[in-house]
Amino acid sequence: MDNVRRSSSLIERARILVVEDDAMVKSIVVEYLQAFGFKRIVAADSSRHAVRLLNDQGEGFDLVLSDWQMPGVDGLDLLRLSRKIPYRQAMKFIMITSQVPEERIKIAKARQAGVDAYIVKPFKGRLLRDKIWEVLGWGSGGNNEAKA
Amino acid sequence: MSTMPQKKIDTEGSLSGRMQAPADIDGRLSALPEWNHRVLVVEDEHGIAEAYRDILSPRSQGVIPIRRSSRSAPTEEPTKAPERFELVVVHDAEAAIAEVKRSMSMKKPFTMGFFDVLLGGGMDGIELVKKIHELDPHLYAVFVTAYSDRNVDSIQALLGEEHASRWDYLNKPFTQGEILQKARNGVALWNLTREKQIKDEHMANLQRQLLEHERLATMATVARGIGHEFRNILTSIMGKAELSETLNTMDALREQMKNILQASHRAADVLQRFHFLHNPSEQKIQKKWMFIDQPIEEALTLLSHQIKTNNVRVCWIRRKKSLVFGNETGLMQVFVNLTLNAMQAMGSSGQIDISIVEIADRIEVRFRDYGPGADKKIIDRLCEPFFTTKGEQGTGLGLAIAKEIIEVEHEGKLTIQNHEVKGLEILMVFPLTTTPTGGDKKGG
């Protein structure tokens, strides 16, 4: 019981940045996060917007969920940038990608750049949830906490 | 008789027919079929027929027994015949026709034949050859005649001008050297012609394959973009459906269904775009009246994903609604190629300016990028097939194909120049045609 309460408060406190230029995908990711119990969700519909947010020390984020392919600054650029910002070192980063052959190379690049996890479109809610729980160190898989 | 292996020869209409010559990995021909040495002799005098055998197919290989004709110089040396002719000797026209028919059905045609002009029986040598050429147009005929029963003019008159390259003439009595050399010439002519056909066909095949490869490469690029869009749409549809479990009012559920339907419509739209590239070979020559900006717009829509992710702005400078009578798929491929080229030249971001204007009797379509342009030294070569500046990434066919589609299929002109300020400009000029329903030469 204590565990559940603690998790719920963790979930409610966690602040997540969603970066996705496709409005449909952005809205579904946000809806998933809400269904998982997250309360503090910020959605950026362009990487430029995301760069502005990440450079603002006043904006604290525990996790970034970012699309890969975006015009101008892409997901990998965003990841590299956030790894350079000293106050973003603890922030987790999950890349959302499409699994076409050349993207496997990109995934390898993202690993080098220090991505915490990646998720391939289209995905199920359960998988998204597991990845988030995993990177936030809340344990993954079979627990029932805050299940969608 | 020679036992030289014979390659299968398709004899219907062409020496090589559908035969595919083997090619190595670079597309070069690595092997051509072995030479065909089949020779037909039609001679009703058995003694002369024997002479042919002695000259062309001697029993002791290599050296031909000396057989002097009255015309042969007394010092003529036995002639060496390193090749083995596969000789078939017959004594009348009917047997000759039967042999030719048999050779065709066995796909072992004769390369050439020696025809006695005066044959016993109904048909003479010339009529016979005329008949044989109906069965096997590639057989090279040498008329062998005594006295002057026929001169070359009468043979020419009988066979017709179009047969002139397929026969020769020799007077009796002949020397072994004459026969041997005529046989060599006939065999060589036949085999070299076949080799040339195989090579030409091989080249045409390669060309076709490269064009197909280029088309597939374009399709793959378009398909990648579409795949990406589909993943987004599916993510949305799957998510909405999954999350509908958590909804507990009918209204919320209805709203969610509406969202799912919307996403599905978007998927259908994406597919609709793709259908243009579905089977271009079928639509290849179908032409219709259309506004020239239509295939441009379609190309841009097909590449919308790439345009977006490459941060490219497309500006319509002028957009005259000019009508062309054209092949939509072909023109779209042109603009897909030009857009891809422009994006590759510009890198991560840039702009493409497009303008359509009508000047006097022509339509000018300009397609300009803001990349580095092309080196003056190579700009004229950009439309050459296989010329590429993109290394392994390019086939060197994109612009060549664009030029062909514009110039051959649409009677237009495609030129490439550096823009005076920046970037490369492709200028396409189409003849300005009259109204679609008017009496235009291409209308209909």
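In chain A, 64% of the contacts with a separation of 6 or more join residues 24 or more positions apart. Two residues are in contact if their C-beta atoms, placed from the backbone, lie within 7 Å. This is a predicted model: local features need pLDDT of at least 70, side-chain atom pairs count only at pLDDT 80 or more, and totals for chains, interfaces and linings use all residues. Residues are numbered from 1 along each chain as its sequence is written, while chains are lettered from A and ligands numbered from 1 in the order in which they are written.

Start with the build of chain A. It has six helices and five strands. From the N terminus on, they run α-β-α-β-α-β-α-β-α-β-α. Helices (H or I, at least four residues) and strands (E, at least two) are DSSP runs, numbered from the N terminus. Chain A has 148 residues, and 36% of them are buried (20 or more other C-beta atoms within 10 Å of the residue's own, all placed from the backbone).

Next comes confidence. The pLDDT, the predictor's confidence in each residue from 0 to 100, averages 84 in chain A. Of the residues, 85% score at least 70. Over residues 141–148 of chain A, the pLDDT is below 50.

Now turn to chain B. Here 20 residues are in contact with 19 residues of chain A. On this side of chain B, α5 (176–243) and α9 (304–309) each give two or more residues. The largest share, 14 residues, comes from α5(B).

Definitions and conventions
A residue is buried if 20 or more other C-beta atoms lie within 10 Å of its own, exposed if 12 or fewer, and partly exposed in between; C-beta atoms are placed from the backbone.
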